[in-house]
Amino acid sequence: SELEWADVIELLNFDEDQQSKIELKQSECYVYLMKDNRNNYHKIGISNEPSFREKTLQSEQPKIELIAKKKYVNRKIAGAIEKALHNVYQHKHIRGEWFRLDEEDLNELKSSKP
């Protein structure tokens with residue numbers, strides 16, 4: 001059928017950048033929790049390499065530390081979890097992916113199973 005051939009043609013037209021984006025989406029990914037020790041705000045984000053992400057944020061703000069991470073099978077699932085957490089803590093949102101979480105929130109997050 002035409003649809004099947006269109007799919008094959010699309011695959012043949014992939015460039016390396018598209019292929020690397022697909023591989024990134026399919027690779028393991030983490031939901032992480034970081035803390036800015038200057039103001040006690042917490043960042044809920046996703047990354048394939050949370051420790052590397054911590055270092056990039058530390059280069060901008062040296063008082064940031066990774067305090068928790070959970071691994072998921074791919075970026076799609078990690079992204080869904082991250083979005084759900086952002087929604088749960090919407091009322092504590094400050095800006096971007098930063099939230100004003102308290103000790104109870106942190107205990108909930110740390111004790112949650114992946």
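Contact here means heavy atoms within 4.5 Å. The structure is a predicted model, in which local features need pLDDT of at least 70 and side-chain atom pairs count only at pLDDT 80 or more, while totals for chains, interfaces and linings use all residues. Residues are numbered from 1 along each chain as its sequence is written, and side-chain values use heavy atoms, with hydrogens and water left out.

**Exercise 1.** State how many helices and strands the protein chain has, and give their pattern.

Solution. Helices (H or I, at least four residues) and strands (E, at least two) are DSSP runs, numbered from the N terminus. The count is five helices and five strands. In sequence order they read α-α-β-β-α-β-α-β-β-α.

**Exercise 2.** Describe the setting of P50: is this residue buried or exposed, and which residues does it touch beyond its neighbours within four places in sequence?

Solution. Step one: P50 belongs to helix α3, residues 50-60. Step two: the relative accessible area of P50 is 3%, so this residue is buried (buried is under 20%, exposed over 50%, partly exposed in between, with a 1.4 Å probe and protein chains only). Step three: with neighbours within four places set aside, P50 contacts Y30, Y32, M34, L66 and K69. Step four: M34 lies 16 residues from P50 along the chain, and their C-alpha atoms are 9.3 Å apart.

Two of these partners, Y30 and K69, also meet each other: the charged end of K69 sits over the ring of Y30, 5.2 Å from the ring centre. The criterion is NZ of Lys or CZ of Arg within 6 Å of the ring centre and within 35 degrees of the ring normal.

**Exercise 3.** Which element gives the most to the lining of the largest pocket?

Solution. β3 does, with four residues. At least two lining residues each come from β1 (29-36), β3 (64-72), α4 (75-88) and α5 (103-111).
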